[in-house]
2 protein chains.
Amino acid sequence: MKVYNFSAGPSMLSEAVKLEVQRDFLNFSNSGMSIVEMSHRSKFFEDVHNQGITLLKEIMNINDDYEVLFLQGGASQQFDAVPLNLFAKGRADYIVTGSFAAKATTEAKKYGDVVIAASSKDKNYTYIPNVDSINFRENLDYVHITQNNTIFGTRYTSLPKTEAPLVSDVSSMILSEEIDISKYGLVYAGAQKNIGPAGLTVVIVKKELMRTPMPICPTMLRYSTHADANSLYNTPPCFCIYMAMLAFKEIKALGGVKEVYKTNLHKASLLYDYIDNSSFYSNKVFLKDRSLMNVPFITPSAELDSLFVSQATQNGLVSLKGHRSVGGMRASIYNAMPVEGVEKLILFMKKFEMQNKTALRS
Amino acid sequence: MKVYNFSAGPSMLSEAVKLEVQRDFLNFSNSGMSIVEMSHRSKFFEDVHNQGITLLKEIMNINDDYEVLFLQGGASQQFDAVPLNLFAKGRADYIVTGSFAAKATTEAKKYGDVVIAASSKDKNYTYIPNVDSINFRENLDYVHITQNNTIFGTRYTSLPKTEAPLVSDVSSMILSEEIDISKYGLVYAGAQKNIGPAGLTVVIVKKELMRTPMPICPTMLRYSTHADANSLYNTPPCFCIYMAMLAFKEIKALGGVKEVYKTNLHKASLLYDYIDNSSFYSNKVFLKDRSLMNVPFITPSAELDSLFVSQATQNGLVSLKGHRSVGGMRASIYNAMPVEGVEKLILFMKKFEMQNKTALRS
């Protein structure tokens, strides 16, 4: 049975990319070696690595004011790396729109004067605070946001206006829609949602921001360590970089992020429209702030939610259980989720609604 | 042409493991999903992860006084994590036996009172200082060694006797020979030499040592963060853990590390014996301190060294170029290098010697 995987990450990857990886796994580029056993200093791997960086710059339209870094440790490690690298005055404002934003704030507080400028905790993170009405402090090193909130299914549709550089955790939305990198000082993303296997973290940082890390910053967390070595200071996560490169190449071949975005908009619309027109399912997120990547929804009861998840799994629609802090279901529909996956989900939702509305009535 | 890869890391992996990974790449354990796209919270991945930890404990004979952690960032990140976690008094002694040992020392000095208790820099790291004659300071948090020196081809054959816990970078020798874990407070290793793909770091740490990190220690570098979450605090490098688990399983099936060691001893003996009996090739390392994993050697001239490397490559014996700080050649013969790879290398060395001795004479 064909399986559609709605996991929040690690999540579905492109069929074509997986087939290429499998085909070449024992003999990459006629080298007689697997990509997983090649020296990171070999010509073979360096080509993959440099292609990956070049392609990402191209599809995200990143100019030479920025450095593209391929790191490890996930977004969680960036929660520390960001303040350790960017604190000169030791002051930053954070907007807290979910659990990961809150974790990022907690880490930054260890190193400086950090204030929560706005939060949507009052309504269990079901909205994004109005960015135009936030008063940021002056003399900040940066303002930090979490641009798509994986657990709660929200997303910024406009960015806060701030004198200070904007830092954004784009883990669950990178490459799903176009972003204007010139509006940011730094963005970071774990790869395991829209890029490739877990184990790679992408950081895109304005060069002028990364030259004065705090003295206590570990060398491996210092951006300039990796920038100065083209992300080859020590052995990088080669296999993840290889699969990321293939994903970037595929996006380019599809016509760029602009085209990927159209498909994502289509997929999300199909699902939200169906939910909005149903009296059985609902989504609690404020309309204007809905994520295109993570769609939480519920049925009329927690019992039916459980039944939904288990029957969906039996039907090849897996990892639909919502995060424990939200409950219900969550369909993560990242770039690699095909339209037919969303259509199959909606079909199943219809059937489940019919069966269980009847059951409730009788 | 069959290729034998003598890279210092990433390096050769087991043929059987690679075949299994390729076979199951599109459909792991009949899940309909690839291992690279599964949630790290899924039953499928958790089984892989827990099996990996259990198998490593088994083949290394690790008891419950120790925590096995699957982390990211490589050994280089441990150069910071070790002092950040273990410094209570803020005092440690380091033995410097190569470039990585020196880097580890430099990092630790950022956080406390660190002294080089012994070094072999005087002879370009061609030996291991006599561990019995080292005077360590008192009241140390730990003593740090680099147990096998990848670049220089040396290895400790006995451990320093110290009151303080012993911390060892075992990156290029883990699982190549039996070690008695009870003699250590902590060992760490990047996976890309004897375990699996780059992107996984294994840390084995005595539980009693990891409970009082320095307050400036980033949460992601804190051992207890990962210990408390069974190394699933955030998304781990799932694919690397999967391949590591398969490598551990293979070692167990082969009869354990004891058997692997016998083969490694045989491979290293073949190569050293040939070099020692040749007047053309030489190895500069003190006999008693020779590595079983990394064998540096030279011909009579730098020109012949270059010729050797390029002709060897043409003959399917790749990545034999020595590190720039040593020159010449280096054959890394980790666990996955078959005996026939070493035999092929020796055969080529013989041919090269014959051709070039003649050439020099004529």
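**Sheet and interface in a predicted model**

Colleague: What sort of sheet does chain A have, and in what order do the strands come?
Modeller: In this predicted model, chain A has an open sheet of seven strands with mixed pairing, and the order is β2-β10-β9-β8-β5-β3-β4.

Colleague: Which strands stand at the edges?
Modeller: In chain A these are β2 (66–71) and β4 (113–119). Each has a single partner strand, so one side of each is left without a neighbour in the sheet.

Colleague: And how many degrees does the twist average from one strand to the next?
Modeller: The average is 15 degrees.

Colleague: Which helix packs on the sheet?
Modeller: Helix α4 of chain A, residues 99–109, packs on it and touches β3 (91–96), β4, β5 (142–146) and β8 (166–169) of chain A. The direction of α4 makes about 160 degrees with that of β3(A).

Colleague: Back to the strands. Do β9 and β10 of chain A run parallel or antiparallel?
Modeller: Antiparallel: strand β9 (residues 186–190) and strand β10 (residues 201–206) of chain A are joined by five bridges.

Colleague: What stands opposite A:Ala189?
Modeller: A:Val202, in β10(A).

Colleague: New topic. How many residues of chain A are in contact with chain B?
Modeller: 51 residues of chain A, and they contact 51 residues of chain B.

Colleague: Which elements give two or more residues to that side of chain A?
Modeller: They are α1 (15–24), α3 (74–86) and α6 (238–253) of chain A. The largest share, four residues, comes from α3(A).

Colleague: How many of the residues on that side are nonpolar, polar and charged?
Modeller: The side of chain A that touches chain B has 22 nonpolar, 24 polar and five charged residues.

Definitions and conventions: Residues numbered from 1 in each chain as written. Chains lettered and ligands numbered in written order. Predicted model: local features only at pLDDT ≥ 70, side-chain atom pairs only at ≥ 80, totals over all residues. Contact = placed C-beta atoms within 7 Å. Nonpolar A, V, L, I, M, F, W, Y, C, P; charged D, E, K, R; others polar. Pairing = 2+ DSSP bridges. Axes fitted to C-alpha atoms, helices over the stretch in contact; angles between N-to-C directions.
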